[in-house]
Protein chains: 2
Amino acid sequence: LKGVDLDRLRVVLVSTRNPLNMGAAARAMSNFGALHMRVVNPYDVAFREAKSAVGGSPVLKKAAEFSTVAESIADCAVVVGTTAERKRDLQHTLRRLEDGAKLIRSALRRGRVALLFGSEKSGLTNEEMGYCHWLMRIPTREEHGSMNLGQAVAICLYELVRDTKTTTVTKRQLAASADVERITAVLFGTLRASGYVKERIADSTEQKLRRLVRRLNLAPDDAVVLLGMLRQIAWKVGKGDTK
Amino acid sequence: LKGVDLDRLRVVLVSTRNPLNMGAAARAMSNFGALHMRVVNPYDVAFREAKSAVGGSPVLKKAAEFSTVAESIADCAVVVGTTAERKRDLQHTLRRLEDGAKLIRSALRRGRVALLFGSEKSGLTNEEMGYCHWLMRIPTREEHGSMNLGQAVAICLYELVRDTKTTTVTKRQLAASADVERITAVLFGTLRASGYVKERIADSTEQKLRRLVRRLNLAPDDAVVLLGMLRQIAWKVGKGDTK
């Protein structure tokens, strides 16, 4: 992975209820190399269940359990809470994930950072937020702000590891897929009639051709012109055959 | 939301098996304002179940169902596949999500874009990838690359809507002009032999053709393959004539 090392990150799940969410969070953590999970006051049965699941995540199996937020973050230099709120009378600085992630990356170079996720139902309580240096929210739309826990964890970790450098973009209008497919079909038919296609591997040749035609990134007008040309050639090739 | 409008995005779930994953994908879509889901060849029982779930997502309830990838993307100008692979002998351009998202945002300003997610077990098949213009992968770590479907959808959509303030330039390797010219010459000869070219305006037709071929921005390997195809067709057309 490019970007930051997440070895100093502690993902803290507070009062999580659903074992599936714990499993999903653990999987995303493993995907992005954040291997240290902490759980605070989990619903006991769910936690045991998730921890012992056959084929379960190693991240979850070695998750550390705490009974209070205070204990869970005691060794962390920076504590960040996540929230879906944007209006509630928050006593804390609220940052968008894109901005908050920069601060977290920077803090991880110097010490441990705790990232807190509240319960599925109500998020972090005011008291739990009291342990946070600041809060962060994922930029969801106002009409439906609350995210699934496992997805929220996944997105936060992705933002931390994503490549912050950039490369980019050409702008061009492209032909509709249906036209691109027509071109592929006519060209393939003509190639077949011309003896280019080995019947034994015809399917694979067709797939290669389809990819090649797609890579052309044809503009809409060009697609029309090209299709006209190919149809004329196909007609000629077919005519040759019947002679 | 800042950034792009996802109204032209079609999230296409191909051969999804688990109704929980469909529900999770739909929820993330709603979080980020991507409201148009398409499903191809879903496991029927799971799809009905997910669609009719009490309290289920409106996105899922109005998901459109298709029996083939070809039909599901027919009205889309750009088709992007997602994959966890990084080494497999991929025939397609493979972009990191950070880079791919820029191209998608740009394409969404001009037309519909389909974003394909394969089955939980094996991802997109080679044949399904054949319908894609290029592929995209989330930058997970090598030891654990495969993501949960709902989380993968969530992360891709987040990257599309996240606040960006950067730009740059890409360079793609292009075929040598000599090869591009050979393609033009062979194609023009074949078109002439097929009766496509009006002799009175032959010069202007040749020039138009030359510009069209240049606009294809052929990669070096593709130019070689295309030239081979066209020569075979030219040979067949010529042979037909001499009979």
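In β6(A), which residue is the bridge partner of Gly81(A)?

Analyst: The bridge partner of Gly81(A) is Leu116(A), a residue of β6(A). The model is a predicted one, in which local features require pLDDT of at least 70 and side-chain atom pairs pLDDT 80 or more, whereas totals for chains, interfaces and linings take in all residues. Residues are numbered from 1 along each chain as written, chains are lettered from A and ligands numbered from 1 in the order written, and side-chain values use heavy atoms, without hydrogens or water.

Leu116(A) and Gly81(A) are bridge partners within a parallel pairing of β4 (residues 78–82) and β6 (residues 113–117) of chain A, which is made over four bridges. (Strands, E of at least two residues, and helices, H or I of at least four, are DSSP runs numbered from the N terminus; two strands pair if DSSP finds at least two bridges between them.) These two strands belong to an open sheet of seven strands in chain A, whose order is β3-β2-β1-β6-β4-β7-β5 and whose pairing is parallel. At the edges stand β3 (64–66) and β5 (94–96) of chain A; each has a single partner strand, so one side of each is left without a neighbour in the sheet.

Two helices can then be placed against these strands. Helix α5 (residues 97–108) of chain A lies across β1 (9–14), β4, β5, β6 and β7 (134–137) of chain A. Helix α7 (residues 149–161) of chain A also packs on the sheet, where it touches β1, β4, β6 and β7 of chain A, contact being heavy atoms within 4.5 Å.

Over all chains, a search of the whole structure finds three aromatic pairs. (Rings of Phe, Tyr and Trp, the last by its six-membered ring, pair with centres within 6.5 Å; planes under 30 degrees apart are stacked, over 60 edge-to-face, the rest tilted.) In one of these, the ring centres of Phe32(A) and Tyr158(A) are 6.3 Å apart and the planes meet at 55°, so the pair is tilted. Phe32(A) belongs to helix α1 (residues 19–32) of chain A and Tyr158(A) to helix α7 of chain A, so the pair ties together parts 126 residues apart in sequence. Both residues are covered: Phe32(A) is buried at 1% relative accessibility, and Tyr158(A) is buried with a relative accessible area of 0%. (Buried is under 20% relative accessible area, exposed over 50%, partly exposed in between, with a 1.4 Å probe and protein chains only.)

Tyr158(A) also forms an edge-to-face pair with Tyr158(B), at 6.4 Å centre to centre and 85° between the planes. This pair crosses between chains, from helix α7 of chain A to helix α7 (residues 149–161) of chain B. Tyr158(B) is buried as well, with a relative accessible area of 0%.

Ten of the 14 residues of α9(A) are buried, among them Leu212(A) and Arg215(A). Asp222(B), in helix α10 (residues 220–242) of chain B, touches Leu212(A) and Arg215(A), residues up to four places away in sequence not being counted. Asp222(B) is itself buried, at a relative accessible area of 7%. After α9(A) comes Asn217(A), whose phi is positive, near 50°.

Definitions and conventions:
Axes are lines fitted to C-alpha atoms, for helices over the stretch in contact, and angles run from 0 to 180 degrees between N-to-C directions.
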